[in-house]
Amino acid sequence: MSPSLFLIVLLGMASYVYMQGKRRAFRLASSESDSTKLHSRPGYYGMLTALWCFLPALLVFSFWMMFSGSVLTTLALRTLPDTMQNIPPNQLNLLINDLHNLIAGHVAAKDIDPVLQLAAEQYLGMERISRISLAVVMFAVALFFSSLIYRRITPRLRARNHVERIVQTGLMICSGLAVLITIGIVVSVMFESIRFFQQVPVTDFLFGLKWSPQMAMREDQAGSSGSFGAIPIMAGTFMISGIALSVAVPIGLMSAIYLSEYAPPRVRAWAKPVMEILAGVPTVVYGFFAALVVAPFIRNSGELLGLDVSSESALAAGLVMGVMIIPFISSLSDDVITAVPQAMRDGSYGLGATKSETIKNVIIPAALPGIVGGVLLAASRAIGETMIVVMAAGLSANLTANPLQAVTTVTVQIVTLLVGDQEFDSPKTLVAFALGLLLFLVTLVLNVIALYVVRKYREEYE
Amino acid sequence: MLKKGLVFVAAASIAVSAVSSAYAASGRDYISVVGSSTVYPFATTVAEQFGKTTKFKTPKIESTGSGGGMKLFCTGSGIDTPDITNASRRIKYSEYEKCQNNGVKKITEVKIGYDGIVMANSKEEAQVTFTKKDIFLALAKDVPDPKGSEKLVANPYKTWKEVNPSLPDTKIEVLGPPPTSGTRDAFVELAMEGGCKQIGWIKALKKKDKKYFKSVCHTVREDGAYIEAGENDNLIVQKLTANPKAFGIFGFSFLDQNGDKIQGSIVGGVSPTFENIAAGKYPVSRPLYFYVKNSHVGVVPGMAEFLNEFTSEKAWGEDGYLSDKGLIPMPEAERKQFAADVKGLKALVLTK
Amino acid sequence: MQSRKKETSMDKMNIGLAKRYRKERRFRLFGLAAVFASITFLGILFVSIAANGWTAFQQTEILLDVHFDTAEFDVDNLYSVNYGALVKNSMRSLFPEVKGRSDKRDLYRLMSSGAVYILQDMVMKDSGIIGSTQQIWLPADDEVDMLMKGHISRDVTEGDRRLNDKQISWVDTLVAEKRLEKKFNTTFFTAGDSREPELAGIRGAAVGSLFTLAVTLLLSFPIGVATAVYLEEFAPRNKWTDLVEVNINNLAAVPSIVFGLLGLAVFLNIFGMPRSAPLVGGLVLTLMTLPTIIIASRAALKSVPPSIREAALGVGASKMQAITHHILPLALPGMLTGTIIGMAQALGETAPLLMIGMVAFIVDVPGSVTDPSTVLPVQIYLWADSPERAFVERTSAAIMVLLAFLISMNAIAVFLRRKFERRW
């Protein structure tokens with residue numbers, strides 16, 4: 001019997017308890033005199049019982065899941081002779097693996113040690129016992145709590161409020177998780193950054209004009225000079241993202257407007273999902289396309305015009321990246337534009353405005369938060385993209401305003417620094433975290449500005 | 001809606017916890033290999049052969065780069081650490097020391113063969129003959145003053161012809177691996193340092209100030225003539241066909257596979273062919289290694305058998321399947337010696 | 001006087017009207033052009049991928065008469081049989097005139113090294129065939145395959161080709177004898193990764209992607225929606241929630257590899273989860289997609305007209321009832337959009353998976369979320385970096401599989417979105 005089966009049984013039990021709770025509420029409602037009405041709708045009574053049946057048992061189950069494996073292994077190890085137990089931890093770890101392989105019935109590495117075989121059998125026996133006891137405890141808990149609630153069901157019981165409180169707590173925990181991730185990211189980046197700034201002055205990092213971090217890590221290696229000026233790669237990031245956004249924002253926004261306001265529903269039903277595929281095409285594909293089609297094209301047309309174009313260019317990467325992020329803008333804007341109430345359009349038409357005037361003056365302002373959200377998301381994706389840049393724009397950090405030159409971005413540098421040889425004492429690896437922090441702060445500022453803009457210009461109707 | 005939502009959440013939580021229950025007590029019954037992306041194609045070929053012809057599972061091979069592999073390898077002994085790491089260079093003393101300190105006491109070193117690093121261009125242009133000195137002068141960050149005085153100036157050369165009048169009159173444009181790559185390390189050490197030494201007064205530096213000598217010889221220019229093109233060698237090959245004027249630096253196996261589109265340049269009078277590299281004539285070739293954690297042999301299922309497969313003649317011999325994949329085999333005596341080392345699990349001893 | 005005034009404003013309007021209509025038409029045209037442009041681009045991408053990749057769905061195979069000689073077999077150990085000799089014998093019987101060691105080697109090279117395993121599997125499955133002679137279609141080597149598909153041109157000098165003139169003449173003979181044909185490549189859909197292009201399949205990576213995305217979807221959708229609902233509907237409006245909002249927006253811009261680092265530190269080092277497992281991959285991708293889903297869901301919730309909420313509250317619904325009965329269904333299309341885009345991104349991501357060991361060579365198809373596995377984009381990335389020419393078309397074919405995966409995933413979400421979408 002596998003533990004996951006327990007959960008399915010538990011779910012079945014919860015739904016049974018739900019029905020019972022609901023039925024009891026119905027019975028109460030019909031038997032009591034009319035003066036005492038049920039506080040909540042009967043379903044809520046059922047739901048409350050079901051929740052109390054499901055949640056505590058789930059808690060028991062997860063605790064068991066977490067600890068049973070290690071407890072059983074320790075117990076099984078106890079049966080081994082002392083000579084086998086008293087070995088250094090990393091060898092013990094290998095012994096445990098042997099044991100686990102035996103338990104799972106995998107191919108063994110060498111001839112099976114009878115003592116170990118015995119331990120494995122012991123383990124399997126104990127596992128059976130522990131599973132049975134888990135089942136007993138789990139279902140006892142489920143039964144206990146659900147019957148407790150079941151008995152307490154009276155017309156006065158504020159079941160809805162209870163259920164809502166539980167659900168709201170669940171929601172709160174979820175959003176806490178999102179906050180936790182943020183904290184996790186900031187903390188993990190922060191500590192390494194501080195160590196970086198102990199070795200390289202902040203001012204050198206923030207205002208340095210030269211980026212060449214691949215310094216020697218071993219004594220017998222000669223790397224590059226080891227300068228950590230972040231300005232060239234920040235500039236590169238902004239240039240490529242800027243090019244990408246100048247492709248994606250007009251196309252994305254106009255597509256969204258056309259699809260939601262002009263296109264017949266059937267066209268929209270097809271075109272929107274088709275465009276969303278653009279966001280899912282693996283970036284390697286875009287990378288190859290940018291490097292082998294767009295970049296040579298730009299190079300050749302540049303040479304026709306007598307311009308000096310390097311074979312890696314910000315323009316090629318930016319253009320292709322722009323295409324990739326179109327759906328972020330088009331789909332999200334389309335959704336919010338569709339959600340603008342018809343009454344507002346009707347009002348505007350009633351005053352004699354044309355469709356485009358209505359869109360520009362009424363709908364866009366009303367849909368602004370969503371549109372800005374989409375653009376921010378698109379910008380974020382552009383900043384975070386690596387493969388296209390590596391393949392089409394190169395890795396060399398030039399400080400230039402010319403989009404026909406090779407540039408590189410912060411994310412690309414972070415990835416190249418973290419993949420391959422790492423040394424967490426050397427500024428070469430630590431600078432990746434400092435870059436992460438810098439990027440985080442810069443986007444933070446951009447987001448705050450966006451929030452401010454939205455608050456200021458958003459037209460809240462109704 | 002609320003009901004549906006709750007049911008969905010319940011189902012999700014069940015699925016997730018059922019899933020996590022699966023790994024409660026299962027040991028690792030496959031070999032875990034990490035390390036260099038250059039050795040990856042060879043190690044995977046052996047692994048596949050091994051998995052298909054024995055009762056053991058196919059080893060899992062991660063491509064993490066030599067340094068990354070060493071780092072994982074040396075975190076300690078135990079089942080959650082890799083059993084073998086591949087490297088496109090020899091283990092460094094610092095890495096060896098780290099291994100020792102973390103309880104990875106006994107390591108066996110196995111050299112598996114050689115890999116040539118080639119400079120190549122599109123077949124649309126003529127084949128070029130470089131000397132190592134040409135390569136150094138074209139790609140170094142600082143070069144000796146062309147006017148003849150014994151001092152270094154920032155590399156002034158823009159075209160190959162300026163470097164050496166016998167070379168074509170095209171812009172210097174070389175696509176090569178980034179500094180994080182082992183291929184770049186080897187190229188710099190073998191080709192550039194080799195060329196660097198041909199300049200008398202720089203060679204004299206080596207005795208006086210070794211560190212300065214290295215930094216002069218090993219530092220690649222950063223002004224756009226050398227283009228760091230990422231680690232994808234296929235992309236470099238395709239870029240060379242799109243841009244016939246450019247040169248690329250990559251492993252021999254890519255030249256071997258694309259002989260109809262690109263040609264290897266002659267370096268130091270020797271063209272990069274299988275035979276020349278195997279005979280040790282071609283100057284830019286490096287040995288490839290893997291390192292074994294001895295304490296895992298006999299514990300992780302299949303370790304001894306896998307090592308046996310890797311060091312068998314049918315794998316790494318003159319006509320073995322690895323040579324089909326582009327690995328240049330070692331001379332027979334060396335193969336015998338390393339095969340014996342593996343059999344006896346001879347522990348590596350490095351001194352500083 | 002009054003009528004004259006009216007006329008002038010009417011005139012003014014009429015003059016402006018033509019201009020306004022022109023503007024209107026232009027605006028509409030821009031919209032159409034934008035949609036057209038992006039769909040054209042998608043078309044170009046598709047065509048270029050399909051043109052490169054469709055040939056990978058075919059594989060050249062050679063018909064051999066294999067004699068399972070009883071003398072070769074040791075019934076106790078079917079692994080130790082020299083299956084290679086069986087293949088070599090039957091190749092030699094086709095070309096009895098080939099003599100000399102190097103010529104023979106060249107001849108054997110026409111056959112895939114995987115032919116051996118196919119014979120081995122056949123014998124393992126049914127030892128009754130020992131002693132008989134069977135006609136079997138076996139995969140040809142990838143070089144032969146490339147020649148048949150025209151990716152190796154015959155008119156370059158012999159030394160620059162992977163196949164020499166003799167080998168080509170043998171291939172031509174086999175074609176003339178109808179012993180060499182292109183057949184549908186089932187291996188590609190049923191096998192795991194391999195270093196031999198003709199044996200390499202996408203199934204391992206596809207199953208890995210399925211597991212990884214299942215974990216991601218099951219975690220990120222409920223958590224993302226719940227977070228959005230809480231932040232949008234329940235959380236108090238103050239500096240703190242502003243900070244949280246800005247932070248979540250900000251998370252979307254964090255380079256994905258940083259999530260990989262976080263996953264490495266938390267899931268592998270603290271919780272001790274297995275390396276290279278889809279479970280961990282799914283968790284890391286959940287961290288990465290959550291911001292996208294949260295942002296889209298919040299935008300969707302914001303765009304539900306307040307009147308709906310007020311009406312629900314007005315007839316006595318509790319806040320939770322108003323949300324679950326009225327607001328959530330109306331906001332669902334927007335939430336699904338966010339999910340589609342987030343999942344699409346997760347499906348195509350490689351960088352964070354590098355940190356947790358999913359960029360690896362794994363032959364066995366994973367059976368559960370804790371088995372080592374890789375995912376489709378990683379497989380594409382690894383194949384794109386392989387020297388063998390035959391991997392080029394397989395890379396494109398793998399991309400096509402990934403897109404098929406993506407399209408079917410989107411189709412479900414789009415169906416749901418259409419079901420819930422409503423206009424006011």
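Q: In chain C, what share of contacts between residues at least 6 apart in sequence join residues at least 24 apart?
A: That comes to 76%, where a contact means C-beta atoms, placed from the backbone, within 7 Å. Bear in mind that this is a predicted model, with local features needing pLDDT of at least 70, side-chain atom pairs counting only at pLDDT 80 or more, and totals for chains, interfaces and linings using all residues. Residues are numbered from 1 along each chain as its sequence is written, while chains are lettered from A and ligands numbered from 1 in the order they are written.

Q: OK, and how many helices and strands does chain C have?
A: Chain C has 16 helices and 4 strands, taken as DSSP runs numbered from the N terminus (helices are H or I, at least four residues; strands are E, at least two).

Q: Is chain C compact or spread out?
A: Chain C is more spread out than a compact globule, because its radius of gyration is 31 Å, well over the 22 Å from the globule rule for 424 residues. That radius is over C-alpha atoms, and the rule is 2.2 Å times the number of residues to the power 0.38. The C-alpha atoms fill a box of roughly 110 × 60 × 35 Å along the principal axes.

Q: Switching topic: how many residues of chain A are in contact with chain C?
A: 80 residues of chain A, against 84 of chain C.

Q: Which element of chain A gives the largest share?
A: Helix 6 (residues 159–199) of chain A, with 18 residues.

Terms used:
Contact = placed C-beta atoms within 7 Å.
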